Amino acid sequence: MSSTSSTLIRPIEEPASVIERKADTPAVASTSTAAGRGRAVAWKIFKPAVAIVAFFALWEIAPRVGLVDDVFLPPLTTVLEAFWELATNGQLAQHLEASLTRALTGFAIALVFAVPLGVAIGWYKPVAETINPILEIFRNTAALALLPVFILILGIGETSKIALVVYASTFPILLNTISGVRTVDPLLVKSARSLGLPSYRLFQEVILPAAVPTIFTGIRMAAASSILVLIAAEMVGAKAGLGYLITASQLNFQIPNMYAGIIAISIVGLVFNGILVTVERRLSRWRVSQ
């Protein structure tokens, strides 16, 4: 009886081939998962690349086959040759430095001014009631409409251009900061207060981190606005800058140089946006990625 019971409770031994397959299963699953992620990343890069390549191909082919006049829209290769020539002879660097200096100065001033003011308006009701009427007047006034005013008051030099950038950049940052502060989850605020956090720690630990995504939306909008408004201002009165390069090239009928300046503006905008997206991700690491 004892021998029979011992036989019944003896564990079933699996064949060696089954054991080997089980041992290999995690590695196979890991490999397939990595391959799937690689394909997903490749497809994510491939889709926008197709659209960009198609656009560039159309730009290159359309003037050559006569769909558009190549005098007014040169082929892409001709524009890239002009871009390279401007880059090698130093003209592009000179105009780029002038535009970046103006844009970054005005953008930095707007950022330092608009974020604290937006936090104050969004959090303190008396401040909002005092400042909102004047904000409603100025936020609905286009920056370019005030360009003659800035030139008349501040002159045609650097001050008027930087002031225009400050004006154009302030409102996107300010309005999104107000919205971000006002839309913080009230439960988070109540929980933080129940823990006895003082006001400055409440702002530091709860309100500002929760408002970061909305604030950075305004910052990215302001960065785009600062470049566009500055280019328009440089077209009116400047002796250097990307806007001046485009206007001067058009007046001198150097059409490839004009398009080279437009490409330079696009590259600057992409770099600005990429930097801001990277900073936003670093400041929003607490969020759960989707």
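## A tour of the cavities, pocket and surface

The largest cavity has a volume of about 50 Å³. This is a predicted model, with residues numbered from 1 along each chain as its sequence is written; local features need pLDDT of at least 70, side-chain atom pairs count only at pLDDT 80 or more, and totals for chains, interfaces and linings use all residues. Side-chain values use heavy atoms, without hydrogens or water.

**Stop 1: the largest cavity.** Select Leu96, Ser99, Leu100, Ala103, Ile227, Leu230, Ile231, Leu242 and Val268, which line the largest cavity. Helix H4 (91-123) and helix H9 (199-236) are the elements that give two or more residues to this lining. H4 gives the most, with four residues. By class, the lining has eight nonpolar, one polar and no charged residues. (Ala, Val, Leu, Ile, Met, Phe, Trp, Tyr, Cys and Pro count as nonpolar, Asp, Glu, Lys and Arg as charged, and the others, Gly among them, as polar.)

How are these spaces found? On a 1 Å grid over the protein atoms alone, a cavity is a set of points where a 1.4 Å probe fits but cannot get out. A pocket is an open set with protein on both sides within 12 Å along at least five of seven lines. Lining residues have an atom within 4 Å of a point. Points are joined across faces, edges and corners, and a volume is the space filled by probe spheres set on them.

**Stop 2: the second largest cavity.** The whole structure holds two cavities of 30 Å³ or more. Select Leu147, Ile151, Ile156, Ser160, Lys161, Ala233, Val236 and Gly237 for its lining. Helix H6 (147-154), helix H7 (158-182) and H9 each give two or more of these residues. The lining divides into five nonpolar, two polar and one charged.

Stay on helix H7 and pick Val165. Val165 counts as buried because its relative accessibility is 0%. (Buried means under 20% relative accessible area, exposed over 50%, partly exposed in between, with a 1.4 Å probe and protein chains only.) Now draw a distance from Val165 to Ala233: their C-alpha atoms are separated by 9.2 Å, though the residues are 68 apart along the chain.

**Stop 3: the largest pocket.** Select Ile52, Phe55, Phe56, Trp59, Leu76, Leu80 and Ile263. The space in this pocket is about 190 Å³. Helix H2 (16-65) and helix H3 (76-88) each supply at least two lining residues. H2 gives the most, with four. The lining has seven nonpolar, no polar and no charged residues.

**Stop 4: Phe253.** Go to the loop between helix H10 (242-251) and H11, where Phe253 is found. Phe253 is not a glycine, yet has a positive phi of about 55°. Most residues other than glycine have a negative phi.

**Stop 5: a surface patch.** Select Ile267, Val271, Ile275, Val279 and Leu283, which make a nonpolar surface patch of about 410 Å². (Patch residues have over 30% relative accessible area and no salt bridge; nonpolar side chains, here Val, Leu, Ile, Met, Phe, Trp and Tyr, are joined within 5 Å, like charges within 9 Å.) Val271 sits in helix H11 (residues 255-283). Its relative accessibility is 45%, so Val271 counts as partly exposed. Areas come from the Shrake-Rupley method with a 1.4 Å probe; for residues, only the protein chains shown count as cover. A salt bridge is a side-chain nitrogen of Lys or Arg within 4 Å of a carboxyl oxygen of Asp or Glu.

**Last stop: the whole fold.** Zoom out. The protein has 11 helices and zero strands. (Helices, H or I of at least four residues, and strands, E of at least two, are DSSP runs numbered from the N terminus.) Of its 290 residues, 35% are buried.
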